[in-house]
Amino acid sequence: MELLDRYLQAVRFWLPRKQQDDIIAELGDDLRSQIEERESALGRPLNEDELVSVLKQAGHPLWVAGRYQKQQALIGPVLFPLYSFVLKIVAFGYLVPWLVVWIVLTVFVPSHRADNPFLTLAGGWGSLWTNIIVIFGSVTLAFAILERVQSAMSALQQWDPRKLPRLRPKDQVSRVESVFGLIFSIVYIAWWLSLPHYGALIFGPIAGFFSLNPALHAWYFPLLAPPSIVAVQQCVNILRPQWTWFRAAAMLLSDAVALFIFVFLAKFHPYLIPAWAGNLDAQHTQALVKLNQVFSWSVLCVIIGICIAAIAHAYQTIRELRRMSKGSRNGAAMPASQTL
Amino acid sequence: MKNSTKLDLDLFENLKLELRRGCLIVAVLAQLRQEHYGYTLRKALDDLGLAIDEGTLYPLLRRLETQGLLASEWREENKRNKRFYRLSPQGELILQKLLEEWQIINSSLERILQEA
């Protein structure tokens, strides 16, 4: 019976301390009863293989002990959807921007690249993984504590159906959203067109000292393209709010055009130059350097922002087109107005 | 093709487990209207066609006792200490209610299956 005692010892190791004696006594009695019954049927003691078979049937010690544990999950089924949702937000809100910033810095900022690109890569990924572990670990720990204190349970029980979010209009672009968006687009385009006449609106008191790099003048009208595309989309969606695919596709096109323009603009550093040929005094020279730095970082931030928006709009476009193709395959499921 | 067969079997096992879980509680409570210790309870259920392994039975007995549905005591029998279980008064009330629920579910299922 040495094998049986070894088995019970292994099970005991994984059991809660207070219940160990009780559970082992009961389990041991059951296994001994099984062995005795088999021995009396065979008319002889069990050999080692037969004993092994009885124990294997009882299950691995860890599995057997695990059945006696009260809490089986770190985060239970009630909190799990919220936990999963928070992790997704963290992933998209942190990891995606991190990746975009890292790619943009590596591609567009030569000083960011170390002499050894592999070291830069390893260092970047090392800090990413450290942050992932810390952030995901913190979220998991917070939810595990919440699970133990069960404070969420009372909140889930005291809910009022009247406080649920309003029903969103299904498969439609809100007309109100399109109208206000169009007003904003028109105001923005008008403001942009007025800039040559009212340049001081941008530069204020420094307008007399600095002016834009002449190379940038060529990009003045192309910069109207992205808001114009959005304005057209808003007009179309006021008339055809069911064309959700059109909004996603137009926004993606606007992102692509804006990204193309800003990537080119980034190359025209310095963006500001002295307004006249003579030398500036030390104070204005320092201000010019600082302003060009601010412009550089602003352009970089805009590029990052456009990249993130483009990813989101590409995802929406694919989703809308898939939905449309599914609808057209299912026939009646897709209203004719979606495609007309 | 092999994968899909395996997947179906896994799914069936999971669903079977879910189906059995509630039934086992009713069966154990009903069987413990008479006093039993673990091994004889398992044998009795097995003889009646409801096999249950020790890894499932003993934690279940412990849980039902913690919930106040069973009472237990250690006694010596055949020169060995054994833990005897019996339905508690609270357990009897709950069992009665569970059996009523079982009857309702069973008759509903029968009607559903007849319609199908």
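Which residues does A:Val11 touch, not counting residues up to four places away in sequence? Hi everyone, let's start there. A:Val11 touches A:Ile24, A:Leu27, A:Pro61, A:Val64 and A:Ala65, where contact puts the C-beta atoms, placed from the backbone, within 7 Å.

A word on the model. It is predicted, so local features need pLDDT of at least 70 and side-chain atom pairs count only at pLDDT 80 or more, while totals for chains, interfaces and linings use all residues. Residues are numbered from 1 along each chain as its sequence is written, and chains are lettered from A and ligands numbered from 1 in the order in which they are written.

Now, the largest nonpolar core has 26 residues, and A:Val11, A:Leu27 and B:Leu61 are among those touching the most other members. Such a core is a set of buried Ala, Val, Leu, Ile, Met, Phe, Trp, Tyr and Cys residues joined through C-beta atoms within 7 Å; buried means 20 or more other C-beta atoms within 10 Å of a residue's own. Helix H3 (54–66) of chain B gives the most, four residues. Helices here are DSSP runs of H or I, at least four residues, and strands are runs of E, at least two, numbered from the N terminus.

Next, the contact between the chains: twelve residues come from chain A and twelve from chain B. On chain A's side, H2(A) gives the most, with six residues.

Finally, look at chain B's hairpin. Strands S2 (70–77) and S3 (80–87) run antiparallel, joined by eight bridges; pairing takes at least two bridges found by DSSP. B:Glu77 stands opposite B:Arg80, and B:Asn78 takes a positive phi near 50°. Thanks, everyone!

Terms used. Buried ≥ 20, exposed ≤ 12 C-beta atoms within 10 Å, placed from the backbone. Contact = placed C-beta atoms within 7 Å.
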